[in-house]
Structures are given as structure tokens and as C-alpha cells.
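Open the model in your viewer and keep the sequence panel beside it. This tour goes stop by stop: what to select, then what is there.

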Amino acid sequence: MSGAALGLEIVFVFFLALFLLHRYGDFKKQHRLVIVGTLLAWYLCFLIVFILPLDVSTTIYNRCKHAAANSSPPENSNITGLHATATPGPSQHPCFKPWSYIPDGIMPIFWRVVYWTSQFLTWILLPFMQSYARSGGFSITGKIKTALIENAIYYGTYLLIFGAFLIYVAVNPHLHLEWNQLQTIGIAAANTWGLFLLVLLLGYGLVEIPRSYWNGAKRGYLLMKTYFKAAKLMTEKADAEENLEDVMEEVRKVNESIKYNHPLRKCVDTILKKCPTEYQEKMGRNMDDYEDFDEKHNTYPSEKSLVKLHKQVIYSVQRHRRTQVQWRILLEQAFYLEDVAKNETSATHQFVHTFQSPEPENRFIQYFYNPTVEWYWECLLRPWFYRILAVVLSVFSVIVVWSECTFFSTTPVLSLFAVFIQLAEKTYNYIYIEIACFLSIFFLSICVYSTVFRIRVFNYYYLASHHQTDAYSLLFSGMLFCRLTPPLCLNFLGLTHMDSSISHQNTQPTAYTSIMGSMKVLSFIADGFYIYYPMLVVILCIATYFSLGTRCLNLLGFQQFMGDNDMTSDLVDEGKELIRREKRKRQRQEEGENRRREWKERYGHGREDSTRNRNVHVDPKESSLSDLTTTRSTSKYTRANNRTERDRIELLQDVEPLDFNAETFTDDPLESKSERYQPGGRYLSMSRTGIFDDV
């Protein structure tokens, strides 16, 4: 089993990162370099989290083996019986290899490759790829040039700081730094930046994750929040459609001005390929390819303006497609939550759906997850499961907050993570050690990474599921993961006292700590910032619990979901009306399809059968005479029957009826007072959109 656990986790983490990237990215439409760069960044960060417990168990075994080798044998080696085994100390305990033992020399090389690759990605490659992906250039050379120009200030700042530091070291005669010490200073600077952001995200996740599950168990909470999201998403959807129309109008003007033999026509064709299909067809019909561009003395756009337009087209099309997909998904979610609310009072204990799923379900799922099981899970078991899970996660959050505030105390040991690991270390229970380490660092990672997936900064950074995340946001998430994971692992080792700089013990460090170097070079960071700054998580947890950030955003005009706010109630009512209109529209569509199906089954087959029977019983000799007689006798009814048949068919054509506004038609006349529209046809949520929608 030597090294087998390491190999299995390497393969498992790769498929985990690939699954998550497939959920958020689009392998078919996005550039391969973007997919590979993001996958590599996510894979390396997840790999560090999963492999670190194996490093801890291997380090504990090496410490035991080292202590057993250095312990001197007792003076009377012939003593046996109770005196020889009465009080076995740690050095006398048999040091057996753990099942996941990794041979010496492998882990240092492994950590060095993983760490420096992730740092190269986050500080050099991914920022360059961000600018390259966002560039509107028409050639690889142009995109590379734009990316270098945009990152010149970014890279120049780092080079300036590092050069000034080297000059200071060279001038000061009291400082004699070697290469290893300079390397340690660079690692400390990167970890300090990451720890600063880590505590902010961790303070939010420790409170918000348990609270989200607790609120999810409340009846009607998820439905009200879905209504709120529907109102905001409809506003964003309308803005995206309007923005796309404006950009397509600019493309149309450029397409009409630049003809087929213009030098910039290739650039225009590249822009047209990025436009939606319906706009391409409209612009193609209005294009006169036989008109020479030199015949009219028009002002033509420059290549820089086309590059800017190309960039706007890519952004507007991506945003429009994302809002359309998110709107359809949100509608399905709202319909399902409304079904859950209706089925809670069902006496038959059978879950009934208002709309059937358009995709056929698996037979295996239909057999085990039948309507009865679905009713018991959605209406009875799921709320209680969410409550229990919220309590368990709250206990973990309290343990993390307590340990973050007390992990610097070594005598006595106050960090609960360190207490658990040291108790297991005395008995050398490696399985318990690995499980405890994995659960601890996994919970910390979930609190941090989930915040990265939830946060949204305008339309600058936003991770949208169902393959709707743009390339810039994917690369930015990879940068954040690579910068947050190393300080997260160092913080975990400090909580468990596996870091010698925290425990102040002369013991063998973990392989991960050894590649970080000794922080004694920068004592004010090792003894000050790394110890006292994580205590700030207490203040952040309190601020998150009382929703101070959400309240501040509401005061600034950015609507956030809050139960005790009038604006939230207005947006919930607006979203409820939008969902009700979409529900009526879908019901009419299904009713029209059912009527057409019934008409075909009732009249279509009957007419065919009667015609077939009539042809069978008619005598061939009398066919001509009967046809003539039938034609003459029924000629006066033909037009009337055809007209009646056409009327019936037209009634069943299911032409989309006019969707009346609530001002002219409502199911309940009392509901007309609850309309929340502003003059000019705009929704209340049109004022501000974008920033921190879920935070």
C-alpha cells in the first residue's frame, strides 16, 4: 500500500476538479487554454487539501521512528514482566507504518512541484491569460500585445518592489541574505496577502453556510428568496437584451459601411460570427455585396474601434445567453418550490408536479424515487435533515473560531484541533488522525471556497453554473484558489500545532512546512501577523451574523434579500407576479398541445378509417357514377364543410395569446392593489443591479 493512497487521491481529485469545471465552464465554446489553465489551478489547490492529511500521518510516524531510534535502552535489559511494560511511554510504543505511508523523499518533491506551479499560475500565467481572453483582437499577435500592455503595470509593480528590496539588502551591511532566505521572504509575502483575504472569506462562510441550511428548513423561505431572485434576474435580463440590441445596431452600421472588398472586411466577418444566428440572418439579407466601398466617400471605422466593438459583442452575447439560461433554470426551481408548498397539505402522501419534466427520467430513479418517496423527502424529511446538518455545521464553526483565537497557546493546549490530534498521536491511531485532519481542513476549505463561488462583483467576476461562466471569471477563480490554498494549509497546521513555529517544539516538521522555509527571517510576520490576525475572524463572524454587510449594501441602493425590509417585500411581490405570468403562459402552451393531441386522436384516425371502409365497399363498376353523383350532391356543402374544418384547425393552432398586464386582467380583482410597477414600465429592481447578489 506504499504510495497507493497518494496515487488514488491524485486520480480522484482530478476527476473532482474536472466535474466542477464542467459544471461552470463550457468545454465546447471556450478556448482550450482557458479550460486547461483553470483546470490545472483548481486541480492543484484541491490536491493540496486532500494530500495534506497523508503528510500529517506520515510525519507523526517519522517522529515516532526518530524518537525510538534516539531513545537509549534501559539499564537492565533482562527485566521482563510488569516492570518492563507497566508504563510504556511514547518512545516505547511500537511504531507501525500507517496504511497510507508515503516513502521518504517523495513528499518534499511533490509539495515543491505543486506549490511553485500554483504560484507560477496565479502570479504570471493566469493574469496574462485573463487579458488575452478578454481582448478583442482579431489575431493571436494582437491579443498577446494587448495582454502585455494591460499587465505591464501589474508586473512592473512587483518588479519595482522586489528591486527596491534587493537594493536595500545590498546597501545595508548588517543584512546578509542568502537565496533560501530570499525565497522564504517571497513565500511569506505571498502567504501574507493570501491570509489577509482568507480571514475575510472564512469569517463569512463560518456563519453563512450553517445559516443557509437552517433557513432552508423554514417553510416558504426558499420560495420567497426565489421570488426575490426572479425580480432581480428579470431586470438583469432586460438590461442584457437592451445592451445586446444596442451592440447589434452598432454591428449593423459597421456591416453596411464596410463592403466586401474593404481591407477590414475580415474583421467584420469575425465579429459577425460571434453574433447570434438571428442577427446574422438579418444582416446578411441587407448586405449588398456588389457595392464597392470606394464609390461613396464614407467615413469608415478604424481597426481600434473594431477591436473595441468585438470585445463588446463577446461580452454582450455571453451576458445575454447567461441570463436566458438562468431565467429558465430559476423558473423550474420556482415551479418546483411552489409544488412543494402545495403538496405539504396533501392527504394522499403522493407528490404531484404541476409540469412534467421535459427530459425523461432514468428508470432506476423512477423506481426508487417514486412520488411517495419524493413526498416524504421533500415535505417531511428534508427540513429535519437540514436542521440537523445546520446544528452540526454550527458546532464545527464554533470549534474553528475558538481554535483560531487560542492556537498560539501551547501550555496548556487550548486549540481543540490540536487536542484531538495529540490524543490520537499518543495511540498512533493513523486512521483517526487522517479522518480528523481531512474533516477539519475540508470544512475550512468549504467555508472559503464556497464564498469564492457565491461572491459577485458587478459583472466583473461571477461564477454561474450550467456552463454559463465566462473565461475571465474562470481564470480569476483559479487565481484566487492558488493564492488562498497555501495560507489555508499553513493555518490548519498551526491550529493542529503541527507547525514547529507555532508549537515551539524541536520536532520534525511536515514536508509541506519544510518547503515554506523558516519564518524566523521575518519575525514580525511569524510572531505577530500570523498569530494575531486570524483572531479578526471573531469580528467578521459577528458582522455576518447580524448581516451588517447586507444592510450597508441596502443603504447604498443595492437590493439584498432581507426579511424585514419594505424593498425586499416589494421585490418578492414583483417576482411572484412574474412567476405567475410565466406559469399561466406554460399552462396555456400545454393545454394547446393537449387539445391538438386529442383532436388528432378523435377526428384524424376516425376520418381515415371511414374513408378506408368506404373505398373497400364501393363496387368498381359503380365507382364513376357514384363519384359523379356524390360530387354533384355534395357540392353545395363542400365550401361550408371546408370552412368549418378550417375554423376548427385555426382554433387549435395555439397562437400565443396576449398576456394581459395585471392592470387590465387579474385572476383576483383584489390583487390589483398589490402591483409594484413604477411609471414608465420599469420594475422596482431596475435601479441598481449586479454587485454581491448572494453576499
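**Stop 1: a bent helix**

Select α16 and go to Thr485: the helix bends there by about 25 degrees, and a proline, Pro486, follows within four residues. Bear in mind that this is a predicted model. Now show the whole of α16, residues 471–495. At 1.5 Å a residue, its 25 residues should span 36 Å; the end C-alpha atoms are 36 Å apart, so the two agree. Then step past the helix to His497, whose phi is positive, near 60 degrees.

**Stop 2: another bend**

Select α2, residues 32–70. Where does α2 bend? Go to Ile51: the bend is about 35 degrees, and Pro53 follows within four residues. The 39 residues of α2 should span 57 Å at 1.5 Å a residue, and the end C-alpha atoms are 54 Å apart, which agrees. Of those 39 residues, 29 are buried, so α2 is largely enclosed by the rest of the structure.

**Stop 3: an annotated span**

Select residues 230–257. An unreviewed UniProt entry annotates them as "coiled-coil region". In the model this span is 100% helix and 0% strand, with its end C-alpha atoms 40 Å apart.

**Stop 4: salt bridges**

Show the charged side chains. The count comes to 12 salt bridges. Begin with Arg322 and Glu236, which meet at 2.8 Å, N to O. This pair links distant parts of the chain: Arg322 sits in helix α11 and Glu236 in helix α8, 86 residues apart. Are these two residues buried or exposed? Both Arg322 and Glu236 are buried.

Next, select Glu208 and Arg211. Their closest N and O atoms are 2.8 Å apart, in a salt bridge. Both lie in helix α7 (residues 179–216), and because they are three residues apart, about one helical turn separates them. Glu208 has 14% relative accessibility, so it counts as buried.

Move on to Arg580 and Glu577, another salt bridge at 2.8 Å, N to O. These two are three residues apart in helix α22 (residues 566–617), so about one helical turn lies between them. Glu577 is buried, with a relative accessible area of 9%. Elsewhere, salt bridges that share partners join Glu236, Arg322 and Arg456 into one network.

**Stop 5: a nonpolar surface patch**

Select Phe364, Ile365, Tyr367, Phe368, Tyr369 and Val373. Together they form a nonpolar patch on the surface, with about 650 Å² of accessible area. Which helix gives the most to the patch? Helix α12 (residues 363–368) does, with four residues. Tyr369 lies in the loop between α12 and α13. With a relative accessible area of 31%, Tyr369 is partly exposed.

**Stop 6: backbone details in the loops**

Zoom in on Thr411 and Pro412. The peptide bond between them is cis, with omega near 0 degrees. Pro412 is in the loop between α13 and α14.

Now go to His349, in the loop between α11 and α12. Its phi is positive, about 60 degrees, although His349 is not a glycine. At 30% relative accessibility, His349 counts as partly exposed.

Finish at Ser547, in the loop between α20 and α21. Ser547 also has a positive phi, near 55 degrees, in a residue other than glycine.

Methods:
Residues numbered from 1 in each chain as written. Predicted model: local features only at pLDDT ≥ 70, side-chain atom pairs only at ≥ 80, totals over all residues. Heavy atoms only, no water. Expected span 1.5 Å × (residues − 1). Bend = angle between axes of the 7 residues up to and from the residue. UniProt positions renumbered as here; feature names shortened; annotations may be inferred. Patch = residues over 30% accessible without salt bridge, like charges linked within 9 Å, V, L, I, M, F, W, Y side chains within 5 Å. Areas by Shrake-Rupley, 256 points an atom, 1.4 Å probe, with all protein chains shown as cover. Salt bridge = Lys/Arg side-chain N within 4 Å of Asp/Glu carboxyl O. Buried < 20%, exposed > 50% of the residue type's maximum accessible area, 1.4 Å probe, protein only.
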